[in-house]
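Let's take a walk through this protein together, one part at a time. Keep the structure in view as you read.

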Amino acid sequence: MVPDTDSLSIAAELLCTTARWCYSQGWVPATSGNFSVRVGERILVTASGLDKGVLTPDGLLEVDLEGRVLGGDGKASAETELHLVLYKARPSAGAILHVHTVWNTLLSGFHEAAGYVALSGYELLKGLSGVATHEHVEQVPIISNSQNYVELTAKLANALTEYPEAHGVLLSRHGLYTWGESVAEARRHLEALEFLFEVEGRKALAG
């Protein structure tokens, strides 16, 4: 089925608005980060090397689920492969957000040996889809970073299988990937997780 053009256009605008908001928070410095949205069998994903603070739909590439570029200008980021792994492992996902923040960078390195960051006892956990109580234990898996994307996609696929209830995945000393059924839900998950990472980080620093 050919995706509805209006739906793709609306999704593109929502994704770019969210990317610019992430830039305003200081979460995607120096052209870092990448963002995507899925409509049917088509994915719109940020091209490589763009300043997310001024991102518009012209900066999005259209790709299929195998990563073939169907439209748009620019070069596909190597991390597009990670988006494809996520969409295949989480078929309900309609958007993926990847950011590089101070707190997720610090915590992912600090907890890498444990293999995950555990978040529990916080009311804001209820901002995550399907979570109804602060007593929930959210385990955000951590995978070691690599420039070998064949290796990295395999690690990501394994983490998504091992932690089927997770709402995000951390790449150690690199950044966070989170997702949702819509751009709005993905952004809510991002806000909740980043708030909780900061709380955990400040708590650790305070001893």
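**A helix across the strands**

α5 lies across β1, β5, β6, β7, β8 and β9, and runs at about 140 degrees to β9. Before going further, please keep in mind that this is a predicted model.

How many strands does the open sheet have, and in what order? There are nine, arranged as β4-β3-β2-β1-β5-β9-β8-β7-β6, and their pairing is mixed. At the edges stand β4 (69-71) and β6, each with a single partner strand, so one side of each has no neighbour in the sheet. From one strand to the next, the twist averages 25 degrees.

Helix α2 (residues 80-89) also lies across strands of this sheet: β1, β2, β3, β5, β8 (168-171) and β9 (175-180). Its direction makes an angle of about 40 degrees with β1.

Now look at how some strands join. Strand β2 (residues 42-46) and strand β3 (residues 60-64) pair in the antiparallel sense, over five bridges. Arg42 stands opposite Asp64 in β3. By contrast, β7 and β8 run parallel and are joined by two bridges. Here Ile142 has Leu170 of β8 as its bridge partner.

Ile96 is found in strand β5. Is Ile96 buried or exposed? With a relative accessible area of 0%, Ile96 is buried, because that value is under 20%. Ile96 and Ser36 are 60 residues apart along the chain, yet their C-alpha atoms are separated by 5.3 Å. Beyond its neighbours within four places in sequence, Ile96 is in contact with several residues, among them Phe35, His83, Leu86, Tyr177 and Trp179.

Val137 lies in strand β7. Its relative accessible area is 45%, so Val137 counts as partly exposed. Setting aside neighbours within four places in sequence, Val137 is in contact with Leu119 and Ser120. Val137 and Gly121 are 16 residues apart in sequence, and their C-alpha atoms are 7.6 Å apart.

The largest nonpolar core has 38 residues, and the members that touch the most others are Cys22, Phe35, Val99, Leu119, Leu176 and Phe197. At least two residues each come from α1 (5-24), β1 (34-39), β5 (95-99), α3 (102-110), β6 (116-120), β7 (137-143) and α5 (183-206). Which element gives the most to this core? That is α1, with eight residues.

Leaving aside neighbours within four places in sequence, Val99 is in contact with residues including Cys22, Trp27, Phe35, Leu176 and Leu190. A second, separate core has 23 residues, including Val45, Val63, Val169 and Tyr177.

Helix α3 has its own buried residues: Trp103, Asn104, Leu107, Ser108 and Gly109. The buried residues of α3 pack against β5, β6, β7, β8, β9 and α5.

Finally, turn to the aromatic rings. A pair of aromatic rings is described by the distance of the centres and the angle of the planes. The structure holds two aromatic pairs. The ring centres of Trp21 and Trp27 are 5.3 Å apart and the planes are at 85 degrees, so this pair is edge-to-face. Trp21 is buried, with a relative accessible area of 18%, and Trp27 is buried too, at 15%.

The other pair is Tyr116 and Tyr163, which is tilted, with 6.2 Å centre to centre and 55 degrees between the planes. This pair links distant parts of the chain: Tyr116 is in strand β6 and Tyr163 is in the loop between α4 (149-162) and β8, 47 residues apart. Tyr116 counts as partly exposed at 27% relative accessibility, whereas Tyr163 is buried at 13%.

The charged end of Arg187 sits over the ring of Trp21, 3.9 Å from its centre.

Conventions
Residues are numbered from 1 along each chain as its sequence is written. This is a predicted model: local features need pLDDT of at least 70, side-chain atom pairs count only at pLDDT 80 or more; totals for chains, interfaces and linings use all residues. Side-chain values use heavy atoms; hydrogens and water are left out. A nonpolar core is a set of buried Ala, Val, Leu, Ile, Met, Phe, Trp, Tyr and Cys residues joined through side-chain atoms within 4.5 Å. Buried means under 20% relative accessible area, exposed over 50%, partly exposed in between (1.4 Å probe, protein chains only). Helices (H or I, at least four residues) and strands (E, at least two) are DSSP runs, numbered from the N terminus. Contact means heavy atoms within 4.5 Å. Two strands pair if DSSP finds at least two bridges between them. Axes are lines fitted to C-alpha atoms, for helices over the stretch in contact, and angles run from 0 to 180 degrees between N-to-C directions. Rings of Phe, Tyr and Trp (its six-membered ring) pair if their centres lie within 6.5 Å; planes under 30 degrees apart count as stacked, over 60 as edge-to-face and the rest as tilted. A charge sits over a ring if NZ of Lys or CZ of Arg is within 6 Å of the ring centre and within 35 degrees of the ring normal.
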